[in-house]
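Trainee: Please pick one part of this structure and go through it closely. I would like the site and the space around it in one connected account.

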Amino acid sequence: MADMTVAYSPSHGLGEEQSVWFKLTPLLNQENPMQVLMALSDKYNGVIPINLKNQRIVLLSEPAHAERVLVSNADNYTKYFDGLRPIFGRSMITIDGALWQKIRTPQQAAFHPNMFEEYFPYLMSAIDSKMERWAKFASTGETIEMVEETWTLAAEMVCKALFDREMPFNPHFVFKQVKTYTDVMNHKSVRLKNVRGELVEITGEDTAKAMEIWHSVPDMVMGANILEHREKTLLTMLQEAEADPEFPEFDHRQVIDEMKQYLWAGTETTALTLAWSLYLLSQHPEAMERIRQEARSVCGDADPQWNQVQQLAYTRQVIQETMRLFPPIWGLIRIAAGDDDIQGHKIKAGDKVVILSYIAHHSPKYWDDPEKFEPERFAPERAKKRVKYSYLPFAAGKRSCIGGALSQIENTLALVQLLRRFTPEYVGPSPAKIHATVTLCPKGGLPFRIRALS
Ligand code: HEM
């Protein structure tokens, strides 16, 4: 078995002084961080330059900026992953150029829509486990943390559908450890400058321990019970690439790192979307009822069949609207390889640029009444009129999310099935507040109680 050491380097920690995340913390460590960014963006016409002693960070919030950085001049902008290496290793999400293309190619087939029908029973089986658990919560009336619940569901879906394995680890425990690390506010250097609030402070030792746990997960998954010995799964595709003598770059470490990437990038984002959508639906009972009606009219009293998923159109719109209001990846960071000119703004080689998807999603220039929850804005005829690149939940261009379509199927099925049996009631402070980590999280979580429908 390949190298098992923990690739943790404190000098590249998320909260270290050189990190973009560290530089952004004064903006993010606010009562309402996104409101602060929106006000600044308004003041500076969509381009917020942060000039520091030896580096410059430029925050960009217009669709035309996203088009330049992510699409038409994408080759000039490389990925920025300082601090996240221990989570993602050298998986494709972190790589640029020809090697990225080479690593992505053998995995692409696992995300072709013609594979989704094969995944369907595994997604449904993961939802069934969740429904069993929620039946217990409904009888005890206990308060649960929704992001933990949806994260477990998303992880079970990835293990079963993409890896053909039972989920062998405890996601509550593992993800909590890793999340403590990706929450930059917990980092000591940040905390020393700004000691307030009730956040946990992590030491270098805690971080190394969290990363050791994280590093052990792919091997646990690989060694777990195989469900059906399917011939073509994402995991077998990764293993075939490893076995290919013409592809020496794809070694065992690459397989492990790709698995980590899926277990993180493919689960937290999907889980946040589902948790935020349940929060929004709890505030809009008429939309929750409409999902139930749609499910009844498409599936009757039976479970959805694969050929009915496309007909659950309103449910999908709820998910799309959730990702507009609460984009799990609220900012995309890149490093400029060479000088550029973005709509008259000079970018110099070495500048870090951050595309603020959240701001484009909330701009009255591109959305009527942008703070209103209105899933119908994603109905096909209205969606056609949308300004290109004003909606970026999965980024854009060649580096956009490989799993975006799959995540929407996962969450559509989850919403339909869970809401036909339960009413999840949000019991936290209203409105829920945002805590901006690398992802857009709810501040203090999203506490819920589960009520069974008779
Ligand atoms: C609501 C759910 C999801 C959201 C919002 C989301 C968002 C994103 C975004 C914004 C990126 C681009 C990051 C960047 O350019 O810096 C990305 C990339 C990626 N996502 Fe997702 N994602 C979701 C679900 C998934 C799922 C279900 C999977 C797989 C199981 C997945 C796997 C990946 C991978 C592998 C990449 C890197 C692609 C590459 O660099 O070639 N994501 N995702």
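**The iron site and its surroundings**

Mentor: The iron atom of the ligand has a single protein donor, the SG atom of C401, at 2.3 Å (donors are N, O and S atoms within 2.8 Å of the metal, or 3.2 Å for Na, K and Ca; water is not among the atoms, so sites may look incomplete). This is a predicted model, in which local features need pLDDT of at least 70 and side-chain atom pairs pLDDT 80 or more, while totals for chains, interfaces and linings use all residues. Residues are numbered from 1 along each chain as its sequence is written, and side-chain values use heavy atoms, with hydrogens and water left out.

C401 sits in the loop that joins α17 (380-383) to α18 (404-421) (helices are DSSP runs of H or I with at least four residues, strands are E runs of at least two, and both are numbered from the N terminus). C401 is also one of the five nearest of the 27 residues around the ligand, along with W100, R104, R334 and R399 (near means a heavy atom within 4 Å). The side chain of R104 places an N or O atom 2.6 Å from an oxygen atom of the ligand, and a polar side-chain atom of R399 is 2.9 Å from a ligand oxygen.

Several elements supply the shell: α5 (97-108), α12 (252-265), α13 (268-283) and β5 (331-336) each give at least two residues. Sorted by class, the shell holds 16 nonpolar, seven polar and four charged residues (Ala, Val, Leu, Ile, Met, Phe, Trp, Tyr, Cys and Pro are nonpolar, Asp, Glu, Lys and Arg charged, the others, Gly among them, polar).

The ligand takes up the space of the largest cavity (more than half of its atoms lie within 2 Å of the grid points). A cavity is a set of points, on a 1 Å grid over the protein atoms alone, where a 1.4 Å probe fits but cannot get out; a pocket is an open set with protein on both sides within 12 Å along at least five of seven lines, and lining residues have an atom within 4 Å of a point. The structure has three cavities of 30 Å³ or more, and the largest holds about 940 Å³ (the space filled by probe spheres set on the points, which are joined across faces, edges and corners). Its lining has 46 residues, and I93, A265, T269, I329 and C401 are nearest the centre. Two or more of the lining residues come from each of α5, α7 (146-163), α8 (171-182), α12, α13, β5 and α18. The biggest contribution to the largest cavity, five residues, is from α18. By class, this lining has 26 nonpolar, 13 polar and seven charged residues.

α13 also belongs to another lining. The second largest pocket contains about 390 Å³ of space. Its lining counts 18 residues, with F326, Y358, E371, P431 and A432 closest to the centre. Here α2 (33-43) and α13 each provide at least two residues, and α13 gives the most, with three. This pocket lining comprises 10 nonpolar, five polar and three charged residues.

The peptide bond leading from S430 to P431 is cis, with omega near -5°, and P431 lies in the loop between β9 (422-426) and β10 (434-436). Another backbone detail is at H229, where phi is positive, about 50°, although the residue is not a glycine. H229 is in the loop between α10 (204-223) and α11 (234-243).

Methods. A polar contact is a pair of N or O atoms within 3.5 Å; within protein, one must be able to donate a hydrogen and the other to accept it, and residues adjacent in sequence count only if both atoms are side-chain atoms.
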